[in-house]
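Subject: Structure handover

Hello,

Here is the structure for you to look at. My notes come after it.

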Amino acid sequence: MSPRTRLWLVAVGGAGVAALLVAACLGLPAFGGDRHPYGDRAVEASLAHRTANTIASVNFDQRAFDTLGELTILFAAVLGCVVLLRQTRDEHRARPEPADVAPPVRRYALLVLPVALLTGLYVVAHGQLSPGGGFQGGVVAATALHLLYLGADYRALERVRPVGRYEVGDGVAVCAYLVTGVAALLGGAAFLANTLLPHGTFNTLSSGGTVPLLNAAVGMEVACAVVVLLARFLDQAVEIEEESGT
């Protein structure tokens with residue numbers, strides 16, 4: 001295929017996509033109006049499956065397949081980071097010296113650490129009931145662990161952050177999300193359809209069917225991914241050094 005032909009194919013395809021986008025935008029409700037058909041349908045579907053948080057229902061029920069794409073992007077980013085920031089042959093690890101931390105910093109960091117960790121876990125556990133969920137709670141829980149780096153030193157952080165286990169946890173969480181979708185298929189429904197579990201009583205922790213399961217899987221994946229990412233970057237900044245003479 002000649003470059004000119006490829007250019008024409010791209011131009012025609014781009015024009016078609018642009019026409020579809022323009023047609024879709026023209027069909028949107030007027031800005032500032034009181035007609036919101038998608039929002040009304042999303043709320044109705046959320047209530048039908050006993051999910052109090054409509055955003056969680058959209059993420060883990062109505063558009064759970066889209067969330068799988070976001071999960072895959074994060075997993076791929078972590079995998080790329082692990083490969084690119086691995087220790088090379090011309091590098092070695094130097095054990096960091098104990099840090100001299102100011103008493104106020106140590107005191108407040110160690111005081112906030114358990115509070116931040118519990119807050120992250122709470123946000124994940126109540127994702128189907130209140131604002132938040134696996135993405136937000138996972139980030140909070142993962143970063144909470146690193147307050148130990150501020151309040152003590154890097155070696156103390158390493159003792160509570162075995163990177164290998166978090167790498168395994170990252171993969172297990174993604175697999176759990178996929179297995180939930182496959183289980184729905186085996187049950188005769190669509191992939192990731194919310195049909196595996198009873199929808200429960202509205203506004204309780206057991207409500208929402210598979211929404212809490214997928215939300216927990218996302219929380220675990222995000223928390224493990226953030227820990228692994230920070231671990232690789234911190235290793236490069238604190239421990240890994242180039243061999244002398246290279």
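Predicted model: local features only at pLDDT ≥ 70, side-chain atom pairs only at ≥ 80, totals over all residues.

Overall fold. The chain contains ten helices and two strands. Read from the N terminus, the order of elements is α-α-α-α-β-α-α-α-α-α-α-β. The radius of gyration is 23 Å, well over the 18 Å that the globule rule gives for 246 residues, so the chain is more spread out than a compact globule. Along the principal axes, the C-alpha trace spans about 60 × 60 × 45 Å.

Packing and surface. Of the 246 residues, 35% are buried. If you take the contacts between residues at least 6 apart in sequence, 73% of them join residues at least 24 apart. The accessible surface of the chain is about 14500 Å², and carbon and sulfur atoms account for 68% of that area. As for charge, there are 17 positive and 20 negative charges, and their mean positions lie 3 Å apart.

Annotated regions. The unreviewed UniProt entry carries the annotation "transmembrane region" for residues 7-31, 68-87, 108-127, 133-152, 172-193 and 213-234. Two of these spans were checked against the model. Residues 7-31 are 80% helix and 0% strand, with 37 Å between the end C-alpha atoms. For residues 68-87 the figures are 85% helix and 0% strand, and the end C-alpha atoms are 31 Å apart. The unreviewed entry also has the feature "domain: Na+/H+ antiporter MnhB subunit-related protein" at residues 106-227. In the model that span is 70% helix and 0% strand, and its end C-alpha atoms lie 21 Å apart.

With a relative accessibility of 3%, Leu 192 falls under the 20% cut-off and counts as buried.

Regards

Methods:
Residues numbered from 1 in each chain as written. Heavy atoms only, no water. UniProt positions renumbered as here; feature names shortened; annotations may be inferred. Helix = DSSP H or I, 4+ residues; strand = E, 2+ residues; numbered from the N terminus. Rg over C-alpha atoms; globule rule 2.2 N^0.38 Å. Buried < 20%, exposed > 50% of the residue type's maximum accessible area, 1.4 Å probe, protein only. Contact = heavy atoms within 4.5 Å. Areas by Shrake-Rupley, 256 points an atom, 1.4 Å probe, with all protein chains shown as cover. Lys, Arg positive; Asp, Glu negative; His and termini not counted. Charge placed at Lys NZ, Arg CZ, Asp CG, Glu CD.
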